Amino acid sequence: MDHFLYRDGALHAEDVPLADIAATVGTPVYVYSTATLLRHFRLFDEALDGLPHLVCYAVKAAGNVAILKTLAEAGAGMDVVSAGEYLRAKAAGVPGERIVFSGVGKTRDEMRIVLEGGIRQVNVESEPEMRALSEVAAAMGVTVPVTVRVNPDVDAKTHAKIATGKSENKFGIPIARAREVYAEVARLPGLKAIGIDVHIGSQLTDLAPFEQAYRKVAELTETLRADGHGIERLDLGGGLGIPYERSNSAPPLPVEYGALIKRTVGHLGCEVEIEPGRLIAGNAGLLLARVTYLKEGEGRRFAILDAAMNDLIRPAMYDAWHDIVPVIEPEAGAETTPWDVVGPVCETGDTFARGRDLPPLAEGDLVAFRSAGAYGAAMASEYNGRPLVPEVLVKGDHFAVIRARPTYEEMIARDSIPQWL
Ligand code: LLP
């Protein structure tokens, strides 16, 4: 459920007509709904009711400081994967003790930044990283709570580019080596093992892989405890999928996922953390674009938009489906015809959809890509000299620009010309 609905014949974000946003801010633009962000955060929070827990929003999904602050004020913690994300979370007012630091290649500089600012825990992903963290922490005279991310060798049954829990993936340490690694953590200065971390992939539409992974984590908890480690916290990662193609998909609900967590690890008395990104931000945002031209090709018809792969890369990168809907509500029973929906970038990959059945379209029409709130703006670039796409946050009947579209001058002024030119 989200708060982007047709009302009086026009698509709204909560109580704001999207056409008003387009008129003020221009297109393309990302539009987020506060009520939807909060609703999805609360669904997770409630799904873990009865267990000590913290829902740590995965900042990578949509890291605008206004979004982070919205979620933080509702009680969310944050999962960050770089110093940049950490500092964004701090700028949103999130205290260090509610931020977990994940990621496969944390640099020593990044470690210093989070240790200075305060961190709930660092999720260590390899032995070399663990030794580096020990050195940095010991040199700073602090002890950092750590979990080790284990790779449970589970097939997440999702797109290969976003599966992370198989042994061939770069993430975590093989679960079979966990005992040795925890023994080393216990010996190293500056580190204190407090829990276990796992994350098997993203856009999972089946609970079975989570179940396999969490059962392995539960077993490992008991083994490590028997070895004398104080395992009191389990970070179970993110990954629950969303219905991108609303007409034919219904992934499991957060409440079912919560029940699975209770069933698999609830008996251990651990505090549970989860790191959802997509399910909180995905359906809480859409990309609003305008049709620039309608073009007849050889046996195909192209709708050329003013949004492109640099604004929303998911279709080009993962063959991802996003529902595309007109902002003016189509008449009931309006006939649909197939369109290739493309952007203006000079690559064939700049194709959002091929042969997509859409109601009648005209040049100048506004269209919305649904479920684009996660990994949309976050993955945008200025490829082809296109200024970074702006972002707008809606709350009730008002909206605010939360990231302005840079002017051409601003975009160009970031470059500098060396003296010899
Ligand atoms: N925790 C860790 C350690 C992660 O690597 C990720 C996502 C998450 C949490 C959040 O997962 P989520 O709940 O959002 O599925 N750009 C891709 C998705 C990449 C996900 C990377 N890691 C896409 O657009 O589909």
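In which loop is Pro28 found?

Reply: In this predicted model, Pro28 is found in the loop that runs between helix 1 (18–25) and strand 4 (29–33). The peptide bond that joins Thr27 to Pro28 is cis, with an omega of about -5°. Another backbone feature belongs to Glu14, a residue other than glycine whose phi is positive, near 50°; Glu14 is found in the loop between strand 2 (10–13) and strand 3 (16–17).

Turning to the helices, the axes of helix 2 (residues 34–47) and helix 9 (residues 254–265) come within 8 Å and cross at roughly 30°. Because angles under 35 degrees count as roughly parallel, helix 2 is roughly parallel to helix 9. Helix 2 passes helix 9 in a right-handed crossing, and the contact is made by Leu43, Phe44 and Ala47 from helix 2 together with Pro254, Val255, Tyr257 and Gly258 from helix 9. By class, six of these contact residues are nonpolar and one is polar, with no charged residue.

As for the ligand, 20 residues surround it, and the closest are Ser202, Gly238, Gly277, Arg278 and Tyr375. The elements that give two or more residues to this shell are helix 10 (278–281) and helix 11 (314–318). At least three residues of the shell come from each of domain 1 (4–31 + 282–413) and domain 2 (34–281), and by class the shell has eight nonpolar, eight polar and four charged residues.

Key
Residues are numbered from 1 along each chain as its sequence is written. This is a predicted model: local features need pLDDT of at least 70, side-chain atom pairs count only at pLDDT 80 or more; totals for chains, interfaces and linings use all residues. A residue is near a molecule or strand if its C-beta atom, placed from the backbone, lies within 6 Å of it. Helices (H or I, at least four residues) and strands (E, at least two) are DSSP runs, numbered from the N terminus. Ala, Val, Leu, Ile, Met, Phe, Trp, Tyr, Cys and Pro count as nonpolar, Asp, Glu, Lys and Arg as charged, and the others, Gly among them, as polar. Domain bounds come from an automatic or database domain assignment. Axes are lines fitted to C-alpha atoms, for helices over the stretch in contact, and angles run from 0 to 180 degrees between N-to-C directions. Angles under 35 degrees count as roughly parallel, over 145 as roughly antiparallel, 65 to 115 as roughly perpendicular and the rest as oblique. A crossing is left-handed if the near helix is turned anticlockwise from the far one by less than a right angle, and right-handed if clockwise. Two residues are in contact if their C-beta atoms, placed from the backbone, lie within 7 Å.
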